[in-house]
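Please walk through this model from its overall confidence down to single residues. The structure is shown first, and the explanation follows.

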Amino acid sequence: MKRKLVLIMAAVILASNSTACKNSENTLSTDNDKSRSTQSSISESVSESTESDTQSKTEVQSEINEYDGTFNEEVFDKIVSNVVIGDKTFSFPCSLEDLGEGFSFWDDLMMYEEETELRSSVLLYEGESLATVTMHCAADDNDYSDNDIICISFTASDFKRQTTIDNISIGGITFDSTEEEILQMFGEPIDKYEDSDDFELYIYSIDNKRMTLSFNSGNLNIIEFKLGGK
C-alpha cells in the first residue's frame, strides 16, 4: 500500500513538474514573441522616421537643384510663378479676385499714397493676418479687388501666429530655408546688409523686380517680392 502511495505521489510530482515546464516554455515563448514584436515595431518606426527625414531632405535638395546658383529675370519669374499658400497655388502678380475665396484686405488698415498712387494693406485669410501687400490704385478707385498686387511681404511671425495656413512656399523658398540653401539656389545677393544683432538682409533684383529676404540669427523671417503690375 505504501509502495502504491509513493508511486502515486511521484506521478503527481512528475505531472506537476511537466506542467510547470510547459507553462514556463509557453511564457518564455510568449515573451520572446512580444520581444520580437516590439523590436519589429521599433525597427519599423525607425525605418519610417528615417524614410520621412530622407524624403524631406530629398524634397529640399530637389528645390535647391531647380536653380543653378544664379539670379536673373528668368529665375525671378520662375520663383513667382509657383507661389503656394496652403493648398492653393498662384502666380504673382495677381489680384485679390485671383486669390479667391477666403482672402480679403484689412480695410481699416488701408493706406494710400497719392503721389505714387500706391495703396497698401494687410492681406487676410479667413480673417487672419497673412501678409502685407501693395497695389497701384487711383484715388477715386473704390473697388481695388481686381488691381494687381505688385508687392507682397510674408513674415514668419504672421505665418506662425495664424491658424488656417500650414504651408507657404514661394518658388521653393519657405521659412525653413537656411542661408546656405538660399545661396545655393541663387548665389550671392546683389546687396547684403548686416548688423551686430545677427540681422542680415539679402536683396536680389533685376530691373524693377526685386526679392528681399531677411534673416534673424540665421532664421528666415521675411520673404518679400516686388513685381511689375498696373
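**Confidence and overall make-up**

The average pLDDT of the protein chain is 78, and 70% of the residues score at least 70. Where pLDDT is low, the predicted coordinates should not be read in detail.

The protein chain contains five helices and 12 strands. It has 230 residues, of which 35% count as buried. Among contacts in the protein chain with a separation of 6 or more, 45% are between residues 24 or more positions apart.

S153 lies in strand 7, which covers residues 149-155. Is S153 buried or exposed? S153 counts as buried because its relative accessibility is 7%, below the 20% cut-off. Leaving out residues up to four places away in sequence, S153 touches A131, T132, I222, I223 and E224. With E224 there is also a polar contact, side chain to side chain, at 3.4 Å. Of the other residues touched by S153, A131 and T132 fall within the range of strand 6 (128-136).

**Loops and backbone geometry**

W106 sits in the loop between strand 3 (103-105) and strand 4 (111-113). The relative accessible area of W106 is 37%, so this residue is partly exposed. Which residues does W106 touch, not counting those up to four places away in sequence? They are S121, V122 and L124. For W106 and L124, the C-alpha to C-alpha distance is 6.6 Å, at 18 residues apart in sequence.

The loop between strand 2 (88-90) and helix 3 (96-99) holds P93. The peptide bond that joins F92 and P93 is cis, with omega at about 5 degrees.

E126 has a positive phi of about 50 degrees although it is not a glycine, and E126 is in the loop between strand 5 (118-125) and strand 6 (128-136). D207, likewise not a glycine, has a positive phi of about 55 degrees. D207 is located in the loop between strand 10 (199-206) and strand 11. The relative accessibility of D207 is 70%, so D207 counts as exposed.

**Cysteines**

How many disulfides does a search of the whole structure find? The search finds zero. A disulfide is a covalent bond between the sulfur atoms of two cysteines. C94 has a relative accessible area of 3% and is therefore buried. C151 counts as buried because its relative accessibility is 15%.

Notes:
Residues numbered from 1 in each chain as written. Predicted model: local features only at pLDDT ≥ 70, side-chain atom pairs only at ≥ 80, totals over all residues. Heavy atoms only, no water. Helix = DSSP H or I, 4+ residues; strand = E, 2+ residues; numbered from the N terminus. Buried < 20%, exposed > 50% of the residue type's maximum accessible area, 1.4 Å probe, protein only. Polar contact = N/O pair within 3.5 Å; in protein donor to acceptor, adjacent residues only side chain to side chain. Contact = heavy atoms within 4.5 Å. pLDDT = per-residue confidence, 0-100. Disulfide = S-S within 2.5 Å.
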